[in-house]
Amino acid sequence: MKKALSLLLALTMLLSLAACAAKTEPTTPAADPSTPAADTPTTPATDPAADAPTTEPAAGAVEIDLWHYFDSSNDKQAIIDWIDEYNTLQSDIHINCTYVSRDELMNQYTIGALSGELPDIGMVDSPDMASYISLGVFDDITDELNAWGELDNFYPGPLSSCMDSEGRIYGLPQNSNCLALACNMDALKAAGYDHMPTSLAELQEMALACNDPATSTYGMAMCCVSTEEGTFQILPWLRGTQDGQEVNVDDLTAPSAVKGLTALADMINNGAMSKECINWTQSDAFNQWCAGKAVMCEIGTWHLAMIQDAGVSFNYDFCLLPTGDEGTSSSTIGGENFGVCTGANAREACIEFLQWLCSKEKEGEWGVVAGKIPTRSDSVSNYDYEQKGFAVFTEEMNYADARGPHAEWPTISEAIYTATQSVFVNGADPAAALETAMATIKPITDVTPLP
């Protein structure tokens, strides 16, 4: 019965996708929250020379297809290099990897839940995995991972995003990240400040003071686009501590959430933040900061690996996101998981590769290469760049909350970004907008509460 309901949901999602395609012009989808934006391919496969490992399978090797949506230069090249490495370490298994844009890959999962046409190993954004588990996209590999004996080394938050409501495990978290504040210290000094903001009120004050319409320079930049990417960046401000109170997404009509959304709207309305933030991806906002067009910017851990190549010409520093009361902070956990898909070829070989990919050593290496944070407590990333920045982000992880995990997270997320867009674009009252969002969210969390 449960499987039938999951297939019915998949069919509903598929029909919805078809309807949307028929009614709207195609647009370039927003990228995964923890990677820059990229173009959407018309089919899952892309240029093999650019996106596939270079090794050839050995005679008799079992071939495994892996789909991913890594699209930043560091991530994308790293997964190719690592699969090449794995393919040369042994000759029994050969991994073929294919890049598919995030939105296209999610569509393929929905279609594959009905057709059975899935890769052997699939990558998924951590808050979305519970939804695809419920559709039957990923296979239960709990017993094999327990036998591995290394699950206790994974941080509980990232690992929980690979589980269903009963605690069964369908994959492994491959990387983690969160959000913090990047500051142009030269511009802050010019505006009369010798420190970074430590509260939401001070951030608002400093952002307005640094605003310079003559040079089109804004005090603050962030991504407020109407996709999961926007939800990722907006959530810390809705979950910030206000007057000692903080809430999760199942209580967004609380005064603290309303105050956080009102603060963002005020910065847009008074010019401290560009109105274009409603269209900006995280890459766009980061590029504004790198170009000196935004004095402060909400950025992700992965951006630390890009600063040197971005040509930043000013003194900069990083601090915890000042989302509420003095000295408090909140952030959002991001990251990607890899799971073994239902009906996978050579299931045991797929699990063996995931254990290698998420091993103690490889987790530490990935953190350095891709500018991420390991998902294992026993992994160490020896960052040889932006060490102060990584220290801030590592501390920020103590105040970062997951998105879900929840099988209905895509619906919850849409309610959040739709509400915030109505405030930023249409001038809706923040309290009323969040009330509208809760009309969608509350029935969902009443039936299946958030963890």
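Begin by selecting R347, which is partly exposed at 24% relative accessibility; buried here means under 20% relative accessible area, exposed means over 50%, and partly exposed lies in between (1.4 Å probe, protein chains only). This is a predicted model, in which local features need pLDDT of at least 70 and side-chain atom pairs count only at pLDDT 80 or more, while totals for chains, interfaces and linings use all residues. Residues are numbered from 1 along each chain as its sequence is written, and side-chain values use heavy atoms, with hydrogens and water left out.

**First stop: R347 and D139**

R347 and D139 form a salt bridge, with their closest N and O atoms 2.7 Å apart. The term denotes a side-chain nitrogen of Lys or Arg within 4 Å of a carboxyl oxygen of Asp or Glu. Because R347 lies in helix α13 and D139 in the loop between α5 (129–134) and α6 (142–148), the pair ties together parts that are 208 residues apart in sequence. Helices (H or I, at least four residues) and strands (E, at least two) are DSSP runs, numbered from the N terminus. Like R347, which is partly exposed, D139 counts as partly exposed, at 21% relative accessibility.

Eight of its 11 residues are buried, so α13 is largely enclosed by the rest of the structure. Those buried residues are A349, C350, I351, F353, L354, Q355, W356 and L357.

Continue to S359, in the loop between α13 (347–357) and α14 (360–370). Is S359 buried or exposed? At 11% relative accessibility, S359 counts as buried. Residues up to four places away in sequence aside, S359 touches R376 and S379; contact means heavy atoms within 4.5 Å. Select Q174 as well: its C-alpha atom is separated from that of S359 by 9.3 Å, although the two residues are 185 apart along the chain.

Return to helix α6, where T142 is found. T142 is buried, with a relative accessible area of 4%. Its side chain has a polar contact of 2.6 Å with the side chain of D140. A polar contact is a pair of N or O atoms within 3.5 Å; within protein, one must be able to donate a hydrogen and the other to accept it, and residues adjacent in sequence count only if both atoms are side-chain atoms. The side chain of T142 also reaches the backbone nitrogen of I169 at 2.7 Å. Neighbours within four places in sequence aside, T142 is in contact with R168 and I169.

Select residues 179–184, which form strand β5. All six of these residues are buried, so β5 is largely enclosed by the rest of the structure. Which strands run beside it? Five bridges join β5 to the antiparallel strand β7 (residues 294–300), and four bridges join β5 to the antiparallel strand β8 (residues 316–319). Two strands pair if DSSP finds at least two bridges between them.

Select residues 430–447, the 18 residues of helix α17. From first C-alpha to last, α17 reaches 26 Å, close to the 26 Å expected at 1.5 Å a residue; the expected span is 1.5 Å times one less than the number of residues. At the N-terminal end, D429 caps α17, with a side-chain oxygen 3.2 Å from the backbone nitrogen of A431.

Move along α17 to I441, where a kink of about 35° lies shortly before the proline P443. The bend at a residue is the angle between axes fitted to the seven residues ending there and the seven starting there. The buried residues of α17, including L434, M438 and I441, pack against α11 (255–269) and α16 (409–426).

Finally, select K442 and D446, which form a salt bridge with the closest N and O atoms 2.9 Å apart. Both lie in α17, four residues apart, about one turn of the helix.
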